[in-house]
Amino acid sequence: MPESATVSSSTSPYSELPPIFSKLFEAKARKGLSFDAIGKALSKDEVWVAAAFYGQAKFSQEDFGKLSEVLDISTADLVSPLGDHWWPNRGLGPIPPTDPVIYRLYEGVLVYGHAIK
């Protein structure tokens, strides 16, 4: 079953993202696509695609062409805000995280990070 949930662009931390990301989520929902389906079209892993939709990874020029076809958004509308001039701002939201799941992952890195390293 396709994921059709949307992300409110007025809710933190998503409100910190440029408006193009809301357009990506809206197009994904409109088409009833999952991150996995988009990933297959881009030849990328679904987790990477999700990261890119949340502004945490950078689409390549080749990705823009494929994404344009999959989401029915013009390549120019994607490249203009996300082209060579744009770079991801790593990390989304407050530190420490307030989302319980993300906080537990954060805590795991704090507790076990040096041991894993």
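Helices here are DSSP runs of H or I with at least four residues, and they are numbered from the N terminus. The model is predicted: local features need pLDDT of at least 70, side-chain atom pairs count only at pLDDT 80 or more, and totals for chains, interfaces and linings use all residues. Residues are numbered from 1 along each chain as its sequence is written, and side-chain values use heavy atoms, with hydrogens and water left out.

**Backbone exceptions**

- Most residues other than glycine have a negative phi, and most peptide bonds are trans.
- S43 has a phi near 60°, a positive value in a residue other than glycine.
- S43 sits in the loop between α2 (35–42) and α3 (46–53).
- D72 is a non-glycine residue with positive phi, near 55°.
- The loop between α4 (61–71) and α5 holds D72.
- D72 is exposed, with a relative accessible area of 55%.
- I95 and P96 are joined by a cis peptide bond, with omega about 0°.
- P96 belongs to the loop between α5 (75–82) and α6 (100–116).

**Helix α2**

- Buried residues (under 20% relative accessible area) in α2 are F35, I38, G39 and L42.
- Seen down the axis of α2, these residues fall within an arc of 105°, so they line one face of the helix.
- The arc is taken over the directions from the helix axis to the C-beta atoms.
- An α-helix has 3.6 residues a turn, so residues three or four places apart point the same way.
- The cover over the buried residues of α2 includes α1 (20–31), α3 and α4; contact means heavy atoms within 4.5 Å.
- Just after α2 comes S43, with its positive phi of about 60°.

**Largest pocket**

- The largest pocket has a volume of about 450 Å³.
- Of its 17 lining residues, P13, Y14, L92, G93 and I102 are the closest to its centre.
- The elements that give two or more residues to the lining are α3 and α6.
- The lining divides into eleven nonpolar, five polar and one charged residue.
- A pocket is an open set of points on a 1 Å grid over the protein atoms alone, where a 1.4 Å probe fits, with protein on both sides within 12 Å along at least five of seven lines; lining residues have an atom within 4 Å of a point.
- Grid points are joined across faces, edges and corners, and the volume is the space filled by probe spheres set on them.
- Ala, Val, Leu, Ile, Met, Phe, Trp, Tyr, Cys and Pro count as nonpolar, Asp, Glu, Lys and Arg as charged, and the others, Gly among them, as polar.

How values were computed:
Buried < 20%, exposed > 50% of the residue type's maximum accessible area, 1.4 Å probe, protein only.
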